[in-house]
Amino acid sequence: MTKTLRLETTAPFQGLAELVAHDEGLFAKEGITIEWIDREKGVDKSPQMHITSHKQAPRFASHGSQLETGQADLYNACEWGNYSRVEGTKVKSRQIGRRSIVTYAALVVRADSPVQTPQQFAGRQIGVPFYNGTHYLAIQMLEGFVPRDQIKLGRVPNGSPYRFKMLMNRTIDATTLTEPYISLAEKKGCRLVIAAFHHGTEVASERVDADTYAAFNRAVREAVRRINANKRAYLHYFIDYHGRTDPEVAALKVEDLRESRLVVCDPAPIPLDEMQRTYDWLKSWGMLEATASPLELVNPEVQQHAHQAAE
């Protein structure tokens, strides 16, 4: 019996294994039909640098927007942002485990920027997409170099294509990017000041049961195996996805991308010690206000049984 899962759309930097599993028939082999629900339709992509705090920004500007309205069953996004979204859910959504891709992101400036080191960002405004992975990663990377009260942010849209263009046309002086826009920025002479990897998780509605998610994960695990067996064969996804609408990305070659920036692993439960540390860190920034325990943000039954069944 075929099960239909409605997934919010995903880009390769955050969902490569899911895209591969879909394209290579791995979900179908597990009896799952994927219906992609566009989470970007109607999203405001204008810069709003006057918005300088996450408290002034919406949690569901893109990720989770379709699940919250009942249009989607499942989405993946950065782990930090998903803690915040699940806290604010109106449909009892919960995290059910870590996604397979470990995203690489960088804080980037133009070649003419006076900033060469993370310390030099003190007091300088950085454009970040609030509640998205590169927002959290930026402050987590910087707080080891800059006092918290000197980390200055402004709101720009999610989606590296938009932020890259704003960087190059001087709307902003610094921003965070993911692939392939990190590689494109380097080709344009931009400087990577600091970079790191970060985890994401998957969030599901109550309609996603453990058996369905286990089947989903079996397909993703096979996609992970195939990607890790030949990373270079899958790097074209980053170019193809964005190249349809961006001629500068379309002009990139696979050789322009680094295999070392593509990290995928089997989806797995969120480790309890890491979950607690993430919760404590988010609380320290005022990004969780109504949650007494990180366990309230996870569906432990689906997470535990689905991942065991997928092994």
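Q: Is Ser62 buried or exposed?
A: Some ground rules before that. This is a predicted model, where local features need pLDDT of at least 70, side-chain atom pairs count only at pLDDT 80 or more, and totals for chains, interfaces and linings use all residues. Residues are numbered from 1 along each chain as its sequence is written, and side-chain values use heavy atoms, with hydrogens and water left out. Now, buried means under 20% relative accessible area, exposed over 50%, and partly exposed in between (1.4 Å probe, protein chains only). Ser62 has 3% relative accessibility, so Ser62 counts as buried.

Q: Where is Ser62 found, and with which residues is Ser62 in contact, leaving aside its neighbours within four places in sequence?
A: Ser62 sits in the loop between strand E2 (32-37) and helix H3 (65-68); helices (H or I, at least four residues) and strands (E, at least two) are DSSP runs, numbered from the N terminus. Contact means heavy atoms within 4.5 Å. Neighbours within four places in sequence aside, Ser62 touches Glu8, Arg39, Glu40 and Asn158.

Q: How many residues of H4 are buried?
A: For helix H4 (residues 79-87), 9 of its 9 residues are buried. They pack against elements including E3, H5 and helix H11 (272-284). Thr278 lies in H11, and, neighbours within four places in sequence aside, Thr278 is in contact with Glu79, Trp80 and Tyr83. Thr278 is itself buried, at a relative accessible area of 13%.

Q: At what angle do H4 and H5 pack?
A: Axes are lines fitted to C-alpha atoms, for helices over the stretch in contact, and angles run from 0 to 180 degrees between N-to-C directions. H4 and H5 pack at about 115 degrees, with their axes 7 Å apart. In that contact, Trp80, Gly81 and Ser84 of H4 meet Gly133, Tyr136, Leu137 and Gln140 of H5.

Q: How much space lies in the largest pocket?
A: Rolling a probe the size of a water molecule over the atoms shows where empty space is left. On a 1 Å grid over the protein atoms alone, a pocket is an open set of points where a 1.4 Å probe fits, with protein on both sides within 12 Å along at least five of seven lines; lining residues have an atom within 4 Å of a point. Volume is the space filled by probe spheres set on the points, which are joined across faces, edges and corners. Here, the largest pocket holds about 650 Å³.

Q: Which residues lie nearest the centre of the largest pocket?
A: Of its 31 lining residues, those are Glu40, Gly159, Pro161, Tyr241 and His242. The largest share of the lining, 5 residues, comes from H6.
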